Each structure stands twice: as C-alpha cells, then as structure tokens.
Amino acid sequence: MTELYPTDPIPDALLDQPGFSVPAELETRIDEVITHYPQKRSASLMLLHAIQEQFGYISKQAVKWVASKLELQPINVYELVTFYPMLQQRPVGKNHLRVCRTLSCALAGSHKLYEHLCQKLCLDPEAHGSQTTRDGQFTIEYVECLANCGTGPVMMHNEVFHERVSLDQADAILSQCK
Ligand code: FES
C-alpha cells in the first residue's frame with residue numbers, strides 16, 4: 001500500500017526546538033481538554049494555543065508532539081500552524097505589534113502606520129514577514145483583517161486592540177511599552 005504521507009512531511013520553515021518537552025502539569029491539562037471533544041482532532045487548536053502559551057511559539061517538535069497526542073499526521077497540524085496568523089512559528093518579542101493591512105485598514109492608513117512604527121523601532125518597513133528588534137522587545141508584522149473593519153487603521157499590541165490609530169497614538173503605544 002502506498003504511504004499517504006512521507007516520513008517527515010514538515011517543511012524546514014518551522015524552527016527546531018532541541019530539548020522540547022511538555023511539562024507534566026500542562027500535559028495533564030491537555031489530556032483533560034482532549035476529553036471534551038468527540039473526536040481528538042477537534043482539539044487541535046486548543047492544544048496549539050496551550051503549547052504557544054507555554055513556549056511562545058510552535059516548533060517542529062511541538063507539531064510532532066501535538067500530532068502524536070491527537071493521532072494525526074504532523075502535516076495535519078502543520079497546516080493549521082501556517083493557516084492561522086495567531087499561531088507563531090518563531091519566538092516573538094515581549095511586545096507583539098500586529099497591524100492590519102486588509103482593504104479597509106489600508107484605505108484608512110495602515111501602511112503609513114506600519115512604516116511609522118518600523119521607523120521608530122529601526123526596522124525595515126519593506127522587509128517581508130515579521131521582524132523583531134535586536135533586544136527582543138518588539139516584534140512587528142502585518143496581519144490580515146482583525147474584524148474591526150469600520151474603525152481602521154486597527155492594530156494589536158499583544159492581546160489589546162487599538163482602533164483608529166493615529167501616528168501620535170502609535171507613539172503613545174510604543175512609549176507605554178517601555
Ligand atoms: S480590514 Fe482591518 S480590521 Fe478588517
């Protein structure tokens with residue numbers, strides 16, 4: 001019979017996390033969460049959020065661990081990690097800034113806002129993907145619609161929403177982070 005998946009189908013895009021190990025207390029919590037779902041697979045996102053909360057991001061080893069817990073192939077978990085922007089594929093700074101770049105926010109000035117923040121943080125507004133300052137304090141990235149389209153430009157600082165963000169307000173958000 002042809003194998004449906006290659007032996008290790010996870011692309012190198014995910015970081016290695018040598019020594020990855022889930023603390024017993026977290027594993028107990030995860031085992032309990034799985035019992036809430038009629039099918040183990042349905043717990044995938046809950047497990048990924050729990051892992052991210054613990055480690056800050058989802059590594060290659062974490063994907064394999066979650067897959068094995070849920071009796072899935074790693075690719076089934078990997079595709080979730082790459083689909084959902086809230087799941088991080090690498091460590092992020094203490095202050096995570098996400099700027100919406102979808103149409104309503106773009107028309108309301110989100111590109112200017114992003115450029116302004118990058119300038120303030122000495123990061124490259126033209127760089128592809130997320131960027132983190134050298135001191136690990138800030139990560140900034142564009143994201144797609146944050147579901148507050150009428151009040152753009154919208155950004156998030158960690159888990160806090162900011163709407164109709166002017167450049168002055170962006171400065172205020174940055175100074176509160178320090
Ligand atoms: S377009 Fe920015 S929140 Fe929807």
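Guide: Before we look around, helices (H or I, at least four residues) and strands (E, at least two) are DSSP runs, numbered from the N terminus. This is a predicted model, in which local features need pLDDT of at least 70 and side-chain atom pairs count only at pLDDT 80 or more, while totals for chains, interfaces and linings use all residues. Residues are numbered from 1 along each chain as its sequence is written, and side-chain values use heavy atoms, with hydrogens and water left out.

Visitor: OK, how many helices and strands does the protein have?

Guide: The protein has 7 helices and 5 strands, and along the sequence they follow the pattern α-α-α-α-β-α-α-β-β-β-β-α. The C-alpha atoms fill a box of roughly 60 × 35 × 35 Å, taken along the principal axes.

Visitor: And what share of the residues is buried?

Guide: Of the 178 residues, 42% are buried, where buried means under 20% relative accessible area, exposed means over 50%, and partly exposed lies in between (1.4 Å probe, protein chains only).

Visitor: Which residues of H4 are buried?

Guide: They are Pro-74, Ile-75, Asn-76, Val-77, Tyr-78, Leu-80 and Val-81. Because 7 of the 10 residues of helix H4 (residues 74-83) are buried, this helix is largely enclosed by the rest of the structure.

Visitor: What do those buried residues pack against?

Guide: The buried residues of H4 pack against helix H2 (44-55) and helix H3 (60-69), and contact here means heavy atoms within 4.5 Å. Looking at the protein as a whole, among contacts between residues at least 6 apart in sequence, 64% join residues at least 24 apart.

Visitor: Changing topic, how many disulfides are there?

Guide: A search of the whole structure finds 0 disulfides, a disulfide being a pair of cysteine sulfur atoms within 2.5 Å.

Visitor: What about Cys-177, is it buried or exposed?

Guide: Cys-177 is buried, with a relative accessible area of 9%. Its sulfur has its closest cysteine sulfur in Cys-118, but the distance of 14 Å is too far for a bond.

Visitor: Where is Thr-133, and which residues does it touch?

Guide: Thr-133 sits in the loop between strand E2 (131-132) and strand E3 (138-143), and at 11% relative accessibility it counts as buried. Setting aside neighbours within four places in sequence, Thr-133 is in contact with Leu-121, Leu-123 and Phe-138. A polar atom of its side chain also lies 3.4 Å from the backbone nitrogen of Gln-137.

Visitor: And where is Arg-90?

Guide: Arg-90 is in the loop between H4 and strand E1 (95-100), and it is partly exposed, with a relative accessible area of 36%. Arg-90 and Tyr-57 are 33 residues apart in sequence, yet 5.3 Å apart in space, C-alpha to C-alpha. Not counting residues up to four places away in sequence, Arg-90 touches Ala-13, Leu-15, Gly-56, Tyr-57 and Ser-130.

Visitor: Last topic, the backbone: which residues does a cis peptide bond join?

Guide: It joins Gly-152 and Pro-153, with omega about -5°, and Pro-153 is in the loop between E3 and E4.

Visitor: Which residues other than glycine have a positive phi?

Guide: Among them is Asn-158, with phi near 50°, which lies in the loop between E4 and strand E5 (160-162) and is partly exposed at 26% relative accessible area. Another is Arg-164, with phi near 45°, placed in the loop between E5 and helix H7 (167-177) and counted as exposed at 55% relative accessibility.

Note on methods
Polar contact = N/O pair within 3.5 Å; in protein donor to acceptor, adjacent residues only side chain to side chain.
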